[in-house]
Amino acid sequence: MKSMPKIELHLHLEGAAPPAFIRGLAQEKHMDLSGLFNPDGSYRFTDFWDFLKVYEAATSTLQTPEDYRRLTLAVLEESAANGVVYSETFLSPDFCGGRDVGAWKEYLHAIRDAADQAERQMGITLRGIITCIRHFGPDKARETAVCAAETAGDWITGFGIAGDEKVLQPKDFLWAFDCAREAGLRITAHAGEWGGPESVRAALHDLNPERIGHGVRAIEDLALVDELAERGTVLEVCPGSNVALGIWPTFRAHPIGKLFDRGVKVTVSTDDPPFFHTTMAREYDMLSDAFDWDDSVFATLNRTALDAAFCDTDTRSKIAKRLEAANA
Ligand SMILES: [Zn+2]
């Protein structure tokens, strides 16, 4: 399903880095990262916590705005090749200039420059969501939120939280979320991936996000599933990521089908695609096999995603026309 136009809402920029790109950067900088890769060149990790370590080690090669400009182009090239026409990516001032506002602005300038080039050359539109990292703690999240507030606008349009769900609580990050919201940023939060339904409830009730990253373990509590459907909260579901990390054994066992059938607004994304040996086209193929979903279901998911996209109305209607043209 490579050619079907797709909307992707949940993509970590560093996590989307092709392994060959990271190996090339490491070589240029004389860094030895050979332990991070399998013999076939893919990223090597054993479980989610090991994945976080490998992720941070791979990210350590990205040291300058120019590195991020090249990364953004490499990532968007992959996305566009898989039919993605609109994408939102998570950006972390933690990795881009150590949460210093001036340094962050330079990184952002380089990332936007690459995004503009990709839009001209590959027809893919990108917007940025700034995320604080949960296991780095609330103090660093405040600094991240200040970076977010300082650069909020028509391109940095959202704020969220990622990282290890097993430490701290959403309410520990209220200051950061209030700061982002006051700056006009729209809110999403990772929950219900490693934490159970209680983590989705905590994110929902404490942070009041429009969207939840993953959220899929809500399936363990049907009252919560119904609440998500009633509120119209959009789930950024990443089935291949969940299967690769062993939360469910197969696509067929993944709850996206049940959530969709029960009226929850689900969307499909790849999270950190090369880490999970996936692409947007592969996600669609696997879902189509697992649930017998046809093009009309995917068209519904893409409309849901576009409605939930953190972009302005002009951008939304421009992208809507591209979806409509493909479905005509
Ligand atoms: Zn994620």
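This is a predicted model: local features need pLDDT of at least 70, side-chain atom pairs count only at pLDDT 80 or more; totals for chains, interfaces and linings use all residues.

Trainee: Why is H5 called roughly parallel to H6?

Mentor: Helix H5 (residues 138–151) and H6 pack at an angle of about 5°, and their axes lie 8 Å apart. Angles under 35 degrees count as roughly parallel, so H5 is roughly parallel to H6. On the H5 side the contact involves Pro138, Ala141, Arg142, Thr144, Ala145, Val146, Ala148 and Ala149, and on the H6 side Trp175, Ala176, Cys179 and Ala180. By class, there are ten nonpolar residues, one polar and one charged in this contact.

Trainee: What makes H12 roughly antiparallel to H13?

Mentor: The angle between helix H12 (residues 295–308) and helix H13 (residues 313–327) is about 175°, with the axes 11 Å apart. A value over 145 degrees counts as roughly antiparallel, and H12 is therefore roughly antiparallel to H13. Ala299, Asn302, Arg303 and Leu306 of H12 meet Arg316, Ile319, Ala320, Leu323 and Asn327 of H13. These residues divide into five nonpolar, two polar and two charged.

Trainee: How do you know that the buried residues of H7 line one face of the helix?

Mentor: The buried residues of helix H7 (residues 197–207) are Ser199, Val200, Ala203, Leu204 and Leu207. Viewed down the axis of H7, they fall within an arc of 135°, so they line one face. The elements covering them include helix H6 (174–182), strand S5 (186–191), strand S6 (211–214) and helix H8 (222–231). Just after H7, asparagine 208 has a positive phi of about 45°.

Trainee: What shows that the buried residues of H1 line one face of the helix?

Mentor: In helix H1 (residues 19–28), the buried residues are Phe21, Ile22 and Leu25. Their arc, seen down the axis of H1, is within 95°, so they line one face of that helix. Helix H2 (48–59) and helix H3 (65–81) are among the elements that cover them. Just after H1, histidine 30 takes a positive phi of about 55°.

Trainee: Which residues have the most contacts inside the largest nonpolar core?

Mentor: They are Ala148, Phe159, Ala180, Leu259 and Ala309, in a core of 92 residues. Helix H4 (residues 101–122) supplies the largest share of this core, eight residues. Leaving aside residues up to four places away in sequence, alanine 148 touches Ile130, Ile156, Phe159, Ala180, Ala183 and Leu185.

Trainee: Why is arginine 99 called buried?

Mentor: Arginine 99 has 21 C-beta neighbours inside 10 Å. A residue is buried at 20 or more, so arginine 99 counts as buried. Arginine 99 lies in the loop between strand S2 (84–91) and H4. Its phi is near 65°, a positive value in a residue other than glycine.

Trainee: What makes histidine 277 count as exposed?

Mentor: The loop between strand S8 (265–268) and helix H11 (280–291) contains histidine 277. Histidine 277 has 11 C-beta neighbours inside 10 Å. The limit for an exposed residue is 12 or fewer, and histidine 277 therefore counts as exposed. Although histidine 277 is not a glycine, its phi is positive, at about 50°.

Technical notes:
Residues are numbered from 1 along each chain as its sequence is written. Helices (H or I, at least four residues) and strands (E, at least two) are DSSP runs, numbered from the N terminus. The arc is that of the directions from the helix axis to the C-beta atoms. Two residues are in contact if their C-beta atoms, placed from the backbone, lie within 7 Å. A nonpolar core is a set of buried Ala, Val, Leu, Ile, Met, Phe, Trp, Tyr and Cys residues joined through C-beta atoms within 7 Å. Axes are lines fitted to C-alpha atoms, for helices over the stretch in contact, and angles run from 0 to 180 degrees between N-to-C directions. Angles under 35 degrees count as roughly parallel, over 145 as roughly antiparallel, 65 to 115 as roughly perpendicular and the rest as oblique. Ala, Val, Leu, Ile, Met, Phe, Trp, Tyr, Cys and Pro count as nonpolar, Asp, Glu, Lys and Arg as charged, and the others, Gly among them, as polar.
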